[in-house]
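User: Please take a close look at one part of this predicted model, the contact between the chains, and at what lies around it. Give the cut-off for each term you use.

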Amino acid sequence: MSWFDKIVSKTSLGIKSSKTDEIWFQCGKCNEQIYTAEFVENLKVCVKCNHHYRLNGRERIHLLIDQDTFKECDAEMAASDPLKFKDKKKYKDRLKATQKQGLGHDAMISGSGKLQGHEVELCVFEFNFMGGSMGSVVGEKITRSIERAIEKRSAVIIVSCSGGARMQEGIFSLMQMAKTSCALKNLSDCGLPYISVLTDPTTGGVSASFAMLGDIIVAEPGALIGFAGPRVIEQTIQQKLPEGFQRSKFLLEHGLIDQVIPRAQLKYSLANLLSLLKDLPMPATENTQTL
Amino acid sequence: MVQILDFEKELFAEESQIRELVSLSHMYDSVGDITEEITKRTKKLRRMKREVFAGLDGWQMTRVARHPDRPHMIDYVNHVFKDFQELHGDRRGGYGPSIVGGLAKFDDRSVMVIGQQKGRTAEEKLRRNFGMSQPSGYRKALRLMELAEKFRLPIITLIDTPGAYPGIDAEEKGQSEAIAYNLFKMSGLKTPIIVMIIGEGGSGGALALGVGDRILMLEHSVYSVISPEGCASILWDDKTKVSQAAKALCLTAKELLELNVIDQIVKEPLGGAHRNHRRAAAFVRRALRANFKIIANHSTEEMLELRHEKFRRMGEFTEGEK
Ligand SMILES: [Zn+2]
């Protein structure tokens, strides 16, 4: 086993398999049957077609952060309903119903931890919470994470996974774009690194603010990334979109991101990038984790 | 041709009746004294206008904000500023015709004025892409803002756009990055920025010119995270629910002032800016003067601190029991 493989094979999602789990998993992309255990061990990437399935917030943290080093911040922060918004359902009721599903208080988990020894402030989206949409809570958690990084002189990593701004918080959601971008300006002025990780999907107000402001921007393979959603574009221009449009490779080829990084190499690459940016040697590897 | 909105119909009817009375009074001396009648009816018309426009809901307001006769960015440039010199191009291969920008004199000082232009004639609308900018427009805007910073000239942005253009080429050229980078850079520009929403403040495409020290909205403009149509079709699954969507979004100047998102509402002539461009421009001029005075009280450092504070406090949430 090479030094590189050693590091790479370490990452896992921290999922305990239970007896109720299906043994087989059918990939929705290639229709192949694969062992669920194998799929999970492969970090929810299809072993046949390499399709990167979406991770939830906890899995993402487990993938990136050294074991037992993550300290969540602002865990109790929750959305209020400043506009008393009501569509077919009240926003308040929507929030309550989603919170009852055990998805946390809002669409983001943020906190401090170590990424292969590097002190980082990490923000990860919880896509299952209203499509990872950004309202005041998401914007505030990101802003506070950036402010903590400035205080501690550490790095910021944001893993985006969001359909964009949350309509139910109206103008406040739009203003989170400005708020987070202002905070990133301060971070940048302090000479501290921010790496933006784009996963499937990263669109709308999230992509049009902090997601596209990384000193370094990387994306997972096959992720949908763009300003407007493909359906909106199709309706506007009245034509079919080309294959691969707005996917990671498309962005790479149009000069919009730095790298496309497979999930298995993500932690190593981020650690290496931080070491290189800060002109530090690669930190020692931690103890090998198991599932 | 004048476009009349449904809630304006009565007003127009009354107006034309008064006009008839006036011409009648000129034609014959024998009509008797109808001056009194005319004065009475004119007063009534003013009252009607005031009532109709004070009671507009979110969707009606959106339609006033989008009214084709409403003064556009270039109209304000012509009426409010002098010696305008338009500056073109993003210097990155893009022309950016949906956004107009250039140097001008406001009163006796040089300023950089930038804003989206929707276009008035069919030809201009196409050329301007209805005010929906490509990345090149935002990049041109930023280039001009940095030019202003270099020469310590204040920046005035006039916002009027349905949103950033959603198209293949826009995505290829990095629409998201163009908007994001403007937010990032505008937050640190070392020169005063006065933002004024003059018509439609459509989402990220509006915000891309919307980070500044003073955020003003014309009385009948709107500012929203998504259009009522977009919101209705996503949240109601029903394109016809625009009125409910507009109401839910709280997109009027009055609501946004109450929510502390904007600093000031700029008055419009009675019946809306689309009925009198010159008077609308006079109100805009007065508002700009007043806001320049407010800004003049701060050093550059204080100004940037206040700008950051303004956006830092945006949002509402709860913090749990702790
Ligand atoms: Zn597969």
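Analyst: In the contact between the chains, 47 residues of chain B meet 48 residues of chain A, where contact means that the C-beta atoms, placed from the backbone, lie within 7 Å. This is a predicted model, in which local features need pLDDT of at least 70 and side-chain atom pairs count only at pLDDT 80 or more, while totals for chains, interfaces and linings use all residues. Residues are numbered from 1 along each chain as its sequence is written, and chains are lettered from A and ligands numbered from 1 in the order in which they are written.

On the side of chain B that touches chain A, the elements giving two or more residues include helix 7 (168–172), helix 10 (228–236), helix 11 (242–249) and strand 9 (317–318) of chain B. Helices (H or I, at least four residues) and strands (E, at least two) are DSSP runs, numbered from the N terminus. Helix 8 of chain B contributes the most to this side, seven residues. By class, this side of chain B has 26 nonpolar, 13 polar and eight charged residues; Ala, Val, Leu, Ile, Met, Phe, Trp, Tyr, Cys and Pro count as nonpolar, Asp, Glu, Lys and Arg as charged, and the others, Gly among them, as polar.

Strand 9 of chain B also pairs with strand 4 (residues 78–79) of chain A, antiparallel and over two bridges. Pairing requires that DSSP finds at least two bridges between the strands. In this pair Thr318(B) is opposite Ala78(A).

Helix 8 (residues 175–186) of chain B has a partner within its own chain: its axis and that of helix 6 (residues 135–150) of chain B come within 8 Å and cross at roughly 20°. Axes are lines fitted to C-alpha atoms, for helices over the stretch in contact, and angles run from 0 to 180 degrees between N-to-C directions. The crossing angle therefore makes helix 6 of chain B roughly parallel to helix 8 of chain B; angles under 35 degrees count as roughly parallel, over 145 as roughly antiparallel, 65 to 115 as roughly perpendicular and the rest as oblique. The crossing of these two helices is left-handed, that is, the near helix is turned anticlockwise from the far one by less than a right angle, clockwise being right-handed. Residues of helix 6 of chain B in the contact include Tyr138(B), Leu142(B) and Met145(B), and those of helix 8 of chain B include Ala178(B), Ile179(B) and Asn182(B). The contact of helix 6 with helix 8 of chain B has nine nonpolar, two polar and two charged residues.

Helix 11 of chain B, listed above on the side touching chain A, packs on helix 3 (residues 58–65) of chain B at about 95°, the axes being 7 Å apart. That angle makes helix 3 of chain B roughly perpendicular to helix 11 of chain B. Gly58(B), Trp59(B) and Thr62(B) of helix 3 of chain B meet Val242(B), Ser243(B), Ala246(B), Lys247(B) and Leu249(B) of helix 11 of chain B. These residues divide into four nonpolar, three polar and one charged.

The phi of Phe130(B) is near 60°, positive in a residue other than glycine.

For chain B as a whole, the secondary structure consists of 14 helices and nine strands.

Terms used
Two residues are in contact if their C-beta atoms, placed from the backbone, lie within 7 Å.
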